[in-house]
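Morning, everyone. I'll go through one model today, from a single residue out to whole chains. Have a look at it first.

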Amino acid sequence: MRRWATPLLLVLLISSSAQAQPSGELRWGGDAEGGAPFVEADPANPARVVGFEVEVAQLLADGLGRRPRFVQVGFTSLDAAAARGDFDIGLSGVEDSLARRSRLAVTIPYYEFREILTVRAADAARFRTLADLSGRRVATLGATLAYDLLLAVEKDHGVVPVTYEDDVHPYSDLALGRVDAVLLDDVLATRGVRRNPGLVNQPAAVGVGHYVGILAPQNAALRDQVNDILRRAMVDGRLEAIFRRWEMWNDDQPALYSRITSGGDATPVVASTAASSSTWDAAARYLPALLKAAGISLLLSALSMALAVLLGAAIATGRVYGPRPVEVGLTAWVELIRGTPLLLQLFVIYFGLATVVQLPAFLAALLGLGINYAAYESEIYRGALQAVPAGQLEAASVLGFSRMQTLRLVRAPQALRLALAPMTNDFVALLKDSSLVSVITVVELTKQTSIFAANIGSWVLPGVMCAVMYLAMSLPLARFARRLEKGWPR
Amino acid sequence: MTPVLEVEDLSVTRNGQPVVHGVTFHAFRGERVALMGASGAGKTTVLRAIAGLEPQIGGAISVCRPDVFAVDDLGNPARRARTPRIGMVFQFHNLFEHLTALDNVCLAAVHVAGVPRRDAERQATALLEQLGVGHRTHARPHELSGGEAQRVAIARALAMKPLLLLMDEPTASLDPARRDDLAATVRDLSTDGTTILISTHDAPFASACVDRVLMMRDGHIVRDGRPQQVLT
C-alpha cells in the first residue's frame, strides 16, 4: 500500500532540506513492490534486491566510489521522498517529465520506453489505438506518463481511465474482462503478457518516454556527477550490458544514447501541463475532479454505512437473542473481520474472488467497507442492547409483549440512542477509511489528491484542499448526530 | 367461590438452590393479600414466579382458570397467554425510559391488547388522573419523583385490566405521607374486584390495606391469617 498521510505530515513538519548523509554510501530509493525487472526482492534471498535498477545503482555507486544502499519507498511517494532527501537518488522506473524537471534535480535519461496498449487476443483487431477504445475502461498506473496520456484522450475519445496501485492487477483484470485495455510502458507490458497468456501487445507506440534518476533540487552537483557516469557507461557499453542481461535491450537505446552523448537532450514527450502553469491554476483545474472524488467518497461511505448498520443490527440481534451455535458463529465472524486488515478484505473481495465472481470495483468497495464496519457496529449495538435495564424487559414480558415486540418497542429504541454517538464516530472513521478502496481502482478523494499532488509535485495545496473537503463532510455529520442525540426520539 | 389465584406446591430454584418450596395458597376476587417476612424469606420470588419471571419452577400456578401458563416437564413456564391477566408493579417501577408517562401506560394496550391508540390514550389519561398524576402525562420517567413513577407504573399495569395485581415492595421508596396515600389507593383498586398481592415488610402499611397476611420464612409460608392475627 502506498499511503501518503504520514509522509505528508512529515513533509510539513520536517524541512525539505536534505539531511546529512554518510559520504561512504549511495542511498538509492526504489519500490521493491514494483517488481522485476526494476527492483524486487531476490527470490533466493528476500533480504537482497535484484533488478536492472539495482545494477544501475551499483554502476553509479562504483563511479562515485561509494557503496550502494537500497531504501524502500512507495512508488507514488518517490518524488516527495527525493525532495525531502530520504535518499540520494531515486531509481525505480521513474519517468522523465517537465513537472519533475521543474521541481527536482533529474538525471539524463538512461532508458527509452514506449507506451503501448495491451488488449485481449480476441480484441486485437478492434482495439488498435486509444481512439478505438471510446467509452471503454483502460487501466494504468496512477501518476504516470501513461495516465497523463489517458487523461488527455479522456475528453476526446471518451476513454475511461482506471488507475491501479501496482502493475500486476491491470493485466490480470484485463484477462478477466474488468477492463478492455492496459496502457503502460513496454517493459511492464512485456511482463504482463508473459504472465497472462490471453493478452497481446499492440505494436504501435502511443507515446515514448524515458527513465531517469531523481535527486533533491539542491543536489545538482551530485546529479552532474551521476550524469557523467551515465554518459561514460553509455559509451563503454556497461549500460547496454545491464539491459541485455534483463532482456530489455532494443534498437531504441543506441539511438537514445547517441543523442545524449552527442550533447542532445531527450525532451519528455508528454508535457505535463502543470509544469508550465502555476500551482493555483493547477488547483483550479483539479477542483472539479476533487469535488467529484469527494462525492464518490461520500456516496461510498453513506452506502457502506447503511449496509454496516443493517448487517450490524442483524449480527447484534443474533448474538443477543440467537441460540448458542448462532451466537458462537457470529462471534467468530466478528472476530475474524475485526482481527484482519480492511485492506486485506478489500483485496480478497476484489481480486481474490475475481475468478468466482467479478464484482465491479465500486460494489466490491461498498461490500468490503460495509462488511468490515458491520462487525464494529454489531459490537456497539450488542453493548447498547445489553445496556437497556433487564427490569424493563421483565416489565414488558409481564405486560404480554412478545420478544420481537420487546425488541422493537422497548429495547431497540433505547439502544439506538446509546449507539448514536459511537455510530457517528464510526461514520467519520469510515469516511476516512474509504480512502483505502483506491487499491481496488476506485478513485475517491484521497486517490484523486495523490494524483493531483504527483502531478504538481507538492503535497501542500492538494493536502489542504483534501483536508478541507473531508472536514466539510465530517463536521456537519458530527453536528447532525449531536442534534439527533439531544432531540431523540422527538 | 373459585379463587382468582391458585398456587399449589410452588417451588423455585436458583442456581440449583431451592429458594421457595411447598408454597400453597389461594386468593379470591377483590381480596388484598400481603406476602410478608424478612429479607430473603422468598416473598418477592413468589411474586416473580406468579408473573412468569422465574425460569426454574415446580408445582402449579393458575390465575382464574384456565391456566395462564402451565409448567412443562422441565419445570419451565410454557408460553404465556397473549393477553395477561396479571399486572405487576415493580419495586423500582421499571418504566420504559424512552417513553412519556402516557405512552408507558398506552404501549401494551395498543400493541398487545390491540386497543385503538385514541381509545388507549383516553383510558390512560383517565387512569393517570384517577391515580393523581394527570398533570404528568407528558413527563419522561427520569423527570418523575419516586411516588409519581410508582403511580405511573400502577396505571401501566391497570391499563391491561388485570384480574390480579402484583406489587413488589411498593412502600420502599415512599415517605410516610405517600405510604398512607398508597394504602388508600390499594383499597380503592380492589373495589372493582381486582385481586391484589403485595410483597412487603412494612407492617403498618399492610395493616392499613390488606385483608390477609401470608408470613414467609426460609422459602415457605409459616402463617396465614388476618393482619391483626399474624402481625402481633
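One cut-off before we start: a residue is called buried if 20 or more other C-beta atoms lie within 10 Å of its own C-beta atom. And keep in mind that this is a predicted model.

Now, A155(B). Is A155(B) buried or exposed? A155(B) has 27 other C-beta atoms within 10 Å. The cut-off is 20 or more, so A155(B) is buried.

Where is A155(B) placed? A155(B) is in helix α4 of chain B, which covers residues 146–158. Which residues does A155(B) touch, leaving aside neighbours within four places in sequence? The contacts are V105(B), A124(B), L127(B), L128(B) and L131(B). V115(B) is another residue to look at. V115(B) and A155(B) are 40 residues apart in sequence, and their C-alpha atoms are 16 Å apart in space.

Step back to the domains. Chain B is assigned domain 1, at 1–85 + 163–232, and domain 2, at 93–161. Their centres, taken over C-alpha atoms, are 23 Å apart. Domain 1 of chain B puts 9 residues into the contact, and domain 2 of chain B puts in 8. On the domain 1 side, that is 4 nonpolar, 3 polar and 2 charged residues.

Last, chain A. Chain A has 490 residues, and 46% of them are buried. Chain A holds 18 helices and 12 strands. Its C-alpha atoms fill a box of roughly 95 × 55 × 45 Å along the principal axes. Take the contacts in chain A between residues at least 6 apart in sequence: 76% join residues at least 24 apart.

That's it from me.

Key:
Residues are numbered from 1 along each chain as its sequence is written. Chains are lettered from A and ligands numbered from 1 in the order in which they are written. This is a predicted model: local features need pLDDT of at least 70, side-chain atom pairs count only at pLDDT 80 or more; totals for chains, interfaces and linings use all residues. Helices (H or I, at least four residues) and strands (E, at least two) are DSSP runs, numbered from the N terminus. A residue is buried if 20 or more other C-beta atoms lie within 10 Å of its own, exposed if 12 or fewer, and partly exposed in between; C-beta atoms are placed from the backbone. Two residues are in contact if their C-beta atoms, placed from the backbone, lie within 7 Å. Domain bounds come from an automatic or database domain assignment. Ala, Val, Leu, Ile, Met, Phe, Trp, Tyr, Cys and Pro count as nonpolar, Asp, Glu, Lys and Arg as charged, and the others, Gly among them, as polar.
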